[in-house]
Amino acid sequence: MEIVPNMVIVIVTCTMILVMLPEASATRWTVGGNMGWNTNFNYTTWAKGKHFYKDDWLFFVYDRNQMNVLEVNKTNYESCNSDHPLHNWTTGAGRDVVPLNVTRNYYFISGKGFCYGGMKVAIHVENLPPPPKASPLISEASSIISSTTQIILLPIVFAIGATWDAFINL
């Protein structure tokens with residue numbers, strides 16, 4: 001099978017476009033890492049230094065027979081009040097997933113007194129930062145290549161012209 005030169009150009013162009021597209025993928029965070037959603041763990045320390053972006057997911061893993069996952073406001077988070085949750089994410093499986101699809105602060109606690117044992121976490125969700133701009137070095141390099149190409153091509157064009165002129169005058 002013979003590959004047509006135009007086909008090669010199309011394949012190379014498509015490959016270059018795919019490589020240049022920014023990678024956009026959400027992160028699924030297991031709350032508490034290997035410890036999961038449990039008592040006697042500092043979730044403030046766990047969340048510190050992490051960047052939670054819009055469209056990430058929180059994955060709560062816990063004992064389904066005892067604990068739960070409640071989203072509350074800041075006041076109820078600070079006082080461990082589970083009486084009026086904004087949302088009860090508990091599904092009964094002990095494996096609950098919470099989508100972070102709004103940029104804001106989220107506050108989660110476990111009711112039944114477990115919040116007092118440390119089962120609470122505050123998450124700040126932000127927009128994904130824009131991809132980095134092209135480096136100034138790349139712009140300079142393309143400028144150098146462009147001027148170098150002009151320096152090389154100009155004498156070649158004159159040489160071809162001179163040869164053509166000599167050939168016609170024979």
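**View 1. W37 and F60, two buried aromatic residues.** In this predicted model, in which local features need pLDDT of at least 70, side-chain atom pairs count only at pLDDT 80 or more, and totals for chains, interfaces and linings use all residues, W37 and F60 are both buried, a term that means under 20% relative accessible area, with exposed over 50% and partly exposed in between (1.4 Å probe, protein chains only). Residues are numbered from 1 along each chain as its sequence is written, and side-chain values use heavy atoms, with hydrogens and water left out.

**View 2. Y77 and Y107, a tilted aromatic pair.** The rings of Y77 and Y107 lie 5.2 Å apart, centre to centre, with 45° between their planes; rings of Phe, Tyr and Trp (its six-membered ring) pair if their centres lie within 6.5 Å, and planes under 30 degrees apart count as stacked, over 60 as edge-to-face and the rest as tilted. Y77 is buried, with a relative accessible area of 9%, and Y107 is also buried, at 15%.

**View 3. The ring cluster.** By the pairing rule, the count of aromatic pairs comes to eight. W37 and F60 form one that is edge-to-face, at 5.0 Å centre to centre and 80° between the planes. Ring pairs join W37, F41, Y43, F60, Y106 and F108 into a cluster.

**View 4. Charged side chains over rings.** R104 lies over the face of Y106, 3.8 Å from the ring centre, while the charged end of K120 sits over the ring of Y77, at 4.7 Å from its centre. A charge sits over a ring if NZ of Lys or CZ of Arg is within 6 Å of the ring centre and within 35 degrees of the ring normal.
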